[in-house]
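This briefing is meant for someone opening the structure for the first time. Please keep the sequence and the 3D view at hand while reading the points below.

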Amino acid sequence: AEGYVAPSAAPIVGGVMVNPDALVHEGLGSVEHCAYIFYDAPLGYAPDCGCVDYTVFHTNRDGNWELYRLSPDSHAAPINLTNNAATDIAPAIAPDGQVAFQSDRDGNWEVYVVDGMGLSPVRLTDNPADDTDSVWSPICEERRLAFQSNRDGHWEIYVSDGTPNAEWRLTESNGDSTDPFWSPDGEWVAL
C-alpha cells in the first residue's frame with residue numbers, strides 16, 4: 001500500500017516487523033515510551049502532493065503525551081508539535097503534511113489538526129462524546145479524514161473534509177464501527 005501512513009503497535013518497515021531496539025536515532029531517547037508511525041512507502045513519497053520527508057510519533061518523554069516530528073535523514077532532536085499540558089496522541093499525517101491527532105485538551109477526546117511544524121492547531125470536532133483514531137485519505141486533493149466517534153451511543157465512523165465541525169456520519173449500525181482505514185485509491189473505508 002503506497003503513499004499513506006500505516007500506524008502500528010509494532011514498527012513495520014516495508015512490510016517487515018522490526019525490533020524496536022534496532023531503531024536508533026540521535027536525540028530520540030528511549031524507545032520504551034514511543035509509539036512509532038512508519039510509512040509503507042519510502043519517506044518522501046506523497047503522490048501529487050509534494051514531499052513529506054518526516055514521521056510523527058507520540059511519547060510521554062516530557063511527563064505527558066505529546067506529538068513529535070522526526071526527520072530520519074537529520075541528526076537534529078525531534079520537534080515537539082503539540083506542547084500542551086493535555087494528552088495529545090494518535091498522529092496521522094496527511095499526504096500534504098498536515099498532522100491530525102486526538103487530544104483531551106478541551107475535556108474529552110476531540111480531533112485536531114496542526115501543520116508539520118506544530119503551528120496553528122485547529123480543533124476539527126466539537127462534540128461532548130469522544131472523537132478518536134483519525135486517518136487521512138491517501139488522495140491529497142480530497143482532504144478527507146475518517147475518525148470514530150461514540151456520539152450516537154456507540155462507535156460509528158465519521159468523515160470530515162478538514163474544516164472544523166464539517167463532519168458527516170459514514171456508518172450506521174447497531175454495533176460498533178471502529179478503526180477506520182482508507183483504501184489506497186481513497187474510494188473505500190475499511191473498519
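In this predicted model, the largest cavity is lined by A94, P95, D96, W136, S137, I139, C140, R143 and R144, and about 40 Å³ of space lies within that cavity. The chain as a whole holds 18 strands and 0 helices, and 44% of its 191 residues count as buried.

**The cavity**

- The count of cavities of 30 Å³ or more comes to 1, and the lining of the largest cavity divides into 5 nonpolar, 1 polar and 3 charged residues.
- One of the lining residues is W136, which also takes part in strand pairing, where its bridge partner in strand 14 is L145.

- Four strands form an open sheet in the order 13-14-15-16, and their pairing is antiparallel.
- Strand 13 and strand 16, the latter covering residues 167-169, stand at the edges with a single partner strand each, so one side of each is left without a neighbour in the sheet.
- From one strand of this sheet to the next, the twist averages 30°.
- Strand 13, which spans residues 131-136, pairs with strand 14 in the antiparallel sense over 4 bridges, and one of the residue pairs between these strands joins V135 to A146 in strand 14.
- On the other pairing, strand 14 and strand 15 (residues 156-160) run antiparallel and are joined by 5 bridges, with A146 standing opposite V159 in strand 15.
- The hairpin made by strand 14 and strand 15 has 6 residues between the strands, and in this hairpin G153 takes a positive phi near 95°.

**Strand 14 and its residue L145**

- Which residues of strand 14 lie on each side, and are they buried or exposed? L145, F147 and S149 lie on one side and A146 and Q148 on the other, and all of them are buried, so that both faces of the strand are covered.
- In a regular strand the side chains alternate between the two faces of the sheet.
- The strand, which covers residues 145-149, is accordingly described as mostly covered, with 5 of its 5 residues buried.
- L145 belongs to strand 14, and L145 counts as buried because its relative accessibility is 0%, where the cut-off for a buried residue is under 20%.
- Apart from neighbours within four places in sequence, the contacts of L145 include S134, V135 and W136, as well as Y158, V159 and S160.
- The contacts of L145 also include A100, V111, L124 and W182.
- The C-alpha atoms of L145 and E167 are separated by 8.9 Å, although these two residues are 22 residues apart along the chain.

- Strand 9 and strand 10 (residues 99-103) run antiparallel and are joined by 4 bridges, and the bridge partner of I89 in strand 10 is Q102.

**Residues with a positive phi that are not glycine**

- A90 has a positive phi of about 60° although it is not a glycine, and the place of this residue is in strand 9.
- With a relative accessible area of 19%, A90 counts as buried, because the cut-off for that class is under 20%.
- D133 likewise is not a glycine and has a positive phi, here of about 55°, and the place of D133 is in strand 13.

Methods
Residues are numbered from 1 along each chain as its sequence is written. This is a predicted model: local features need pLDDT of at least 70, side-chain atom pairs count only at pLDDT 80 or more; totals for chains, interfaces and linings use all residues. Side-chain values use heavy atoms; hydrogens and water are left out. Buried means under 20% relative accessible area, exposed over 50%, partly exposed in between (1.4 Å probe, protein chains only). Helices (H or I, at least four residues) and strands (E, at least two) are DSSP runs, numbered from the N terminus. Two strands pair if DSSP finds at least two bridges between them. On a 1 Å grid over the protein atoms alone, a cavity is a set of points where a 1.4 Å probe fits but cannot get out, and a pocket is an open set with protein on both sides within 12 Å along at least five of seven lines; lining residues have an atom within 4 Å of a point. Grid points are joined across faces, edges and corners, and a volume is the space filled by probe spheres set on the points. Ala, Val, Leu, Ile, Met, Phe, Trp, Tyr, Cys and Pro count as nonpolar, Asp, Glu, Lys and Arg as charged, and the others, Gly among them, as polar. Axes are lines fitted to C-alpha atoms, for helices over the stretch in contact, and angles run from 0 to 180 degrees between N-to-C directions. Contact means heavy atoms within 4.5 Å.
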